[in-house]
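Colleague: Could you walk me through this one? I would like to learn how to read its features.

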Amino acid sequence: MQYEIFGANLPAVTLRLDAGESIYTQAGGMTWMTDGFTMETNMRGGLLKGLGRMLSGDSLFMATYSAMRQGEEITLASTFPGTIIALPVGQASYVAQKSAFLCATPGVQLSIAFQRAKSGLFSGEGFILQRISGDGLVFLELDGTVVEKTLARGERIKVDSGNVAAYEDTVNMTAQTVKGFKNILFGGEGLFLTVLEGPGRVWLQTVNMQGFAGRIAGYLPRRDD
């Protein structure tokens, strides 16, 4: 399988598959494709795993597209301005923000990752994230521009809530209280920051979806009471 990620603020990925190769995505995720594919829609792993995907921001049903001939092409587009990244799954597994999953090869498993109580309440990511494991290739759609950093063992980085896109499951994520009364009231960062501690790679995004939605909401027309 070969792929090309293209587009600037609204990216997409085109995958070129050989005969017998497959890719799966959430229902409705396909943008366009050549006519040499078969499509099978199911809950992929059963009802419980399907419900777990719904909790982590994806659909109950998944669609698998299989190429019947050499060189068939399928394109999937991002649903939000941002970045698409491709990650090999096998030697490394990942934890990603809700709704990050775009598509993957069949050997990749998508499940729920639960956070500890304090991290879930205050890190800005919520209690439920997406765990990506198994073997194959996964594509994630992330918000804004994405920066990859590699943390050494014990090395830490503090991130504003909502700007953590994904990280290897060897990385530990916790929440830390912002120090200083004036910093809390007037610093604009809120009461907590997210702390990522190595070893492992992390992917940080420039757009905080919750903050972005709040900015847009201020421009939407409101119905008078």
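Modeller: At 0% relative accessibility, F139 counts as buried. This is a predicted model, where local features need pLDDT of at least 70, side-chain atom pairs count only at pLDDT 80 or more, and totals for chains, interfaces and linings use all residues. Residues are numbered from 1 along each chain as its sequence is written, and side-chain values use heavy atoms, with hydrogens and water left out.

Colleague: How many aromatic pairs are there by the ring rule?

Modeller: A pair of aromatic rings is described by the distance of the centres and the angle of the planes. Rings of Phe, Tyr and Trp (its six-membered ring) pair if their centres lie within 6.5 Å; planes under 30 degrees apart count as stacked, over 60 as edge-to-face and the rest as tilted. That rule gives three aromatic pairs here. One of them joins Y3 and F139, with centres 5.0 Å apart and planes at 85°, so this pair is edge-to-face.

Colleague: Which strands hold Y3 and F139?

Modeller: Strands are DSSP runs (E, at least two residues), as are helices (H or I, at least four), numbered from the N terminus. Y3 sits in strand β1 (residues 2-6) and F139 in strand β13 (residues 136-143), so their pair ties together parts 136 residues apart in sequence. Y3, at 41% relative accessibility, counts as partly exposed.

Colleague: And what is the geometry of the pair formed by Y94 and W203?

Modeller: Y94 and W203 are also edge-to-face, at 5.8 Å centre to centre with 70° between the planes. Y94 belongs to strand β9 (residues 94-96) and W203 to strand β19 (residues 200-205), so the pair links parts that are 109 residues apart in sequence. Y94 is buried at 0% relative accessibility, and W203 is buried at 3%.

Colleague: What is the average pLDDT of the protein?

Modeller: pLDDT is the predictor's confidence in each residue, from 0 to 100. The protein averages 82, and 73% of the residues score at least 70. Over residues 117-125 pLDDT stays under 50, though the model has 28 contacts (heavy atoms within 4.5 Å) for them beyond four places in sequence. Residues 180-188 are also below 50, with six contacts beyond near neighbours in sequence.

Colleague: How many helices and strands does the protein have in total?

Modeller: Its secondary structure comes to four helices and 19 strands. Of the 225 residues, 44% are buried.

Key: Buried means under 20% relative accessible area, exposed over 50%, partly exposed in between (1.4 Å probe, protein chains only).
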